[in-house]
Amino acid sequence: DDDEESEDEDEDEEREWELLQLLDHLAHFFFEAGCYEDSLHVYSMEVRRLKDSDKAGTRQEQADCYDAMGRVHHAKGDHKHAIKKHKKALRLQHDLGPDHILETVDTELWLAESQLFMGKYSSAMKHYRVAYTIGKEHNAEQREWWIAQAADGIGRLYILKGKGVKAVSKLERAVRSGEAALGPAHADVTQLRVHLARACSQTNEHLRARDLLQAALIAESVRKGSEHCDVATIHFELACALLADKQLHLARGHLLRALIIREGCTGAGHATVGDIHYMLACVAEEEEESEEAKEHFDLACHIYSTTLGEDHLASVDAGERAAAALEGGCPPSADMERCLRLSAPGAFALESNVLCCEFVPLNRDRVP
């Protein structure tokens with residue numbers, strides 16, 4: 001009888017484990033399909049089942065679920081809730097003790113990304129530095145990629161602070177570590193070079209910035225096709241670099257190309273389309289085309305208000321600049337100026353800054 005009960009318990013445990021695997025993959029499927037609310041609902045179901053379990057190791061699995069939920073919130077642009085979920089994951093991970101410190105690195109990096117997007121720069125820097133230190137001090141398989149991501153985040157924060165020389169140094173380290181981890185042709189290494197190009201623009205190394213971005217544009221076009229949204233991002237970045245160097249005609253051409261691709265991929269009301277209209281307005285202001293500048297600022301303001309909220313700094317700034325466009329224009333607000341250092345007035349910060357975007361189901365390959 002005892003043997004039969006033991007076999008029944010083993011079968012129940014195996015069925016529960018298979019159900020958790022199914023929930024993982026279902027949540028990931030919804031995520032890939034853009035059904036973020038459904039993905040979050042399935043992860044919530046999984047967390048509830050894990051909390052009810054008395055099996056050893058479920059705290060780490062709960063942490064994995066909260067971390068995954070944070071990434072889903074990040075993808076939908078809800079960084080406030082992303083931060084909450086990542087913090088829950090970190091608390092659970094830290095409760096497991098120092099032997100589990102390597103499990104915290106990805107959470108530290110994603111938490112820092114959401115804090116960066118929310119303007120919590122000091123907190124973001126703290127978590128990037130934690131991830132960077134763990135990467136340097138532990139000889140883990142992912143060591144170089146952790147260093148690359150953390151150095152990239154620190155470098156982008158230096159860009160925001162206007163510390164271009166420090167940004168270049170840190171982003172060069174990010175590129176070296178990224179190449180060591182993934183190889184020079186990997187898409188995420190291309191993205192690291194894009195961030196390095198931003199820093200080069202800030203230090204007036206315009207030729208180097210353009211060379212990096214032109215190479216990135218060719219690589220992404222070959223890898224993903226000329227109509228891919230990531231190619232639109234590179235066109236946008238290249239336009240910003242050309243605008244900084246006052247090459248207005250070339251900047252306009254790349255922005256218009258980015259606009260066509262983006263509208264085809266995401267629709268005309270997406271927040272990143274607002275970014276393109278904002279930068280087209282900046283080009284028009286430089287060319288003293290005030291009516292065109294007002295038109296693009298108005299479009300940017302409408303898109304930002306709809307997607308990011310009327311109180312978002314991008315919405316407010318675009319509205320103020322639209323109102324002033326016919327009267328000689330006005331400079332961007334201090335907050336917007338910081339965003340523009342990242343070539344990201346509104347939403348491109350989300351899509352063009354994030355690395356490790358290959359979202360995969362949680363690892364439940366262990367035998368129950």
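**View 1. Helix 5 passes helix 7 in a left-handed crossing.** The model is predicted; local features need pLDDT of at least 70, side-chain atom pairs count only at pLDDT 80 or more, and totals for chains, interfaces and linings use all residues. Residues are numbered from 1 along each chain as its sequence is written, and side-chain values use heavy atoms, leaving out hydrogens and water. A crossing is left-handed if the near helix is turned anticlockwise from the far one by less than a right angle, and right-handed if clockwise. Helices (H or I, at least four residues) and strands (E, at least two) are DSSP runs, numbered from the N terminus. The axes of helix 5 and helix 7 (residues 143–160) come within 10 Å. They cross at roughly 20°, which makes helix 5 roughly parallel to helix 7. On the helix 5 side, the contact uses Val105, Asp106, Leu109, Glu113 and Leu116. Helix 7 brings Trp146, Gln149, Ala150, Arg156, Leu157 and Leu160. Contact means heavy atoms within 4.5 Å. Axes are lines fitted to C-alpha atoms, for helices over the stretch in contact, and angles run from 0 to 180 degrees between N-to-C directions. Angles under 35 degrees count as roughly parallel, over 145 as roughly antiparallel, 65 to 115 as roughly perpendicular and the rest as oblique.

**View 2. Helix 3 meets helix 5.** Helix 3 spans residues 58–75, and helix 5 spans residues 105–117. Their axes come within 11 Å and cross at roughly 25°. Helix 3 is therefore roughly parallel to helix 5. The crossing is left-handed.

**View 3. Helix 8 packs against helix 9.** Two packed helices are described by the angle between their axes and the distance between the axes. For helix 8 (residues 164–182) and helix 9 (residues 187–202), the angle is about 165° and the axes are 9 Å apart. That makes helix 8 roughly antiparallel to helix 9. The two make a left-handed crossing.

**View 4. Leucine 212 sits in helix 10 (residues 206–224).** Leucine 212 is buried, with a relative accessible area of 17%. Buried means under 20% relative accessible area, exposed over 50%, and partly exposed in between (1.4 Å probe, protein chains only). Not counting residues up to four places away in sequence, leucine 212 touches Arg193, Leu196, Ala197 and Cys200. Threonine 190 is 22 residues from leucine 212 along the chain, and their C-alpha atoms are separated by 8.9 Å.

**View 5. Tyrosine 278 and phenylalanine 297 form an aromatic pair.** Rings of Phe, Tyr and Trp (its six-membered ring) pair if their centres lie within 6.5 Å; planes under 30 degrees apart count as stacked, over 60 as edge-to-face and the rest as tilted. By this rule there are 3 aromatic pairs. Here the arrangement is edge-to-face, at 5.3 Å centre to centre with 75° between the planes. Tyrosine 278 belongs to helix 13 (residues 271–286) and phenylalanine 297 to helix 14 (residues 290–307), so the pair ties together parts 19 residues apart in sequence. Both tyrosine 278 and phenylalanine 297 are buried.

**View 6. Alanine 284 also lies in helix 13.** Alanine 284 is buried, with a relative accessible area of 0%. Its contacts are Arg252, Glu289, Glu292 and Ala293, leaving aside residues up to four places away in sequence. The C-alpha atoms of alanine 284 and alanine 325 are separated by 9.9 Å. Along the chain, these two alanines are 41 residues apart.

**View 7. Lysine 246 and glutamate 288 have positive phi values.** Lysine 246 has phi near 65°. Lysine 246 is in the loop between helix 11 (229–244) and helix 12 (248–266). Lysine 246 is exposed, with a relative accessible area of 54%. For glutamate 288, phi is near 60°. Glutamate 288 lies in the loop between helix 13 and helix 14. Glutamate 288 is exposed too, with a relative accessible area of 72%.
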